[in-house]
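Student: I have a chain open on my screen and would like to learn how to read it. Could we go through it together?

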Amino acid sequence: MDREQRLRTLAGQFIQGETSIDEERELLQLLLQDDTPADLLPLREMMVGLQTIALKEPKLSMQEVTSAKKTTHKSLYRWVAAAAAVILVAGSALVYYHSVQNEYVVIVYGKRYADREMALQEMRKNLTFVADTPTDQVDDLLDDMFDL
């Protein structure tokens with residue numbers, strides 16, 4: 001088979017999409033020669049353009065595509081986990097703040113009262129005692145309590 005006949009056979013197969021990578025390389029080599037027939041010059045320009053595009057854009061293998069997908073899924077998983085952690089911490093802080101805010105605690109003579117009614121009762125009893133006690137006795141009690 002002569003060169004022109006091989007060139008036309010490969011060109012026809014290429015147009016039909018039936019060429020292998022090696023056959024496309026051979027076709028390009030044949031098209032780049034100076035004695036290419038005039039009717040195949042547009043095919044030569046197209047092949048050279050495709051070759052230029054192929055050199056500019058790196059091709060990814062299936063392994064690289066799969067790896068990129070796994071990286072994307074891992075990244076998404078990490079963001080979701082971080083968001084869940086932030087929500088958990090914020091929710092816990094709000095629950096703690098709400099529970100502490102509504103807690104009534106009074107410590108009278110070392111005894112802790114967490115019940116609101118008991119705390120109010122003890123405060124009334126002590127304020128009544130302080131109100132009925134002269135100021136100098138209150139000062140003496142405070143001095144004794146704080147070792148002044």
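Tutor: Let us begin with a term: a contact means heavy atoms within 4.5 Å. The model here is predicted, so local features need pLDDT of at least 70 and side-chain atom pairs count only at pLDDT 80 or more, while totals for chains, interfaces and linings use all residues. Residues are numbered from 1 along each chain as its sequence is written, and side-chain values use heavy atoms, with hydrogens and water left out.

Student: Among contacts with a separation of 6 or more, what share comes from residues 24 or more positions apart?

Tutor: Take the contacts in the chain whose separation is 6 or more. Those between residues 24 or more positions apart make up 30%.

Student: In what order do the elements run from the N terminus?

Tutor: Helices (H or I, at least four residues) and strands (E, at least two) are DSSP runs, numbered from the N terminus. The chain has six helices and two strands. Starting at the N terminus, the order is α-α-α-α-β-β-α-α.

Student: What percentage of the residues count as buried?

Tutor: Buried means under 20% relative accessible area, exposed means over 50%, and partly exposed lies in between (1.4 Å probe, protein chains only). The chain has 148 residues, and the buried share of them is 14%.

Student: How many salt bridges does the structure hold?

Tutor: Side chains of opposite charge can pair when their charged atoms come close. For a salt bridge, a side-chain nitrogen of Lys or Arg must be within 4 Å of a carboxyl oxygen of Asp or Glu. In this structure the number of salt bridges is five.

Student: Which residue meets D35 in a salt bridge?

Tutor: D35 is exposed, at 53% relative accessible area. The N to O distance is 2.7 Å, and the partner is R3. This pair links distant parts of the chain, 32 residues apart: D35 sits in the loop between α2 (21-31) and α3 (41-56), and its partner in helix α1 (residues 3-16) is R3.

Student: Why are R8 and E4 separated by about one helical turn?

Tutor: The side chains of R8 and E4 meet in a salt bridge of 3.3 Å, N to O. The separation is about one helical turn because R8 and E4 are four residues apart in helix α1.

Student: Which residue is linked with E4 and R8 in a network of salt bridges?

Tutor: R8 is partly exposed at 34% relative accessible area, and E4 is partly exposed at 38%. The network of salt bridges that links E4 and R8 also includes D39.
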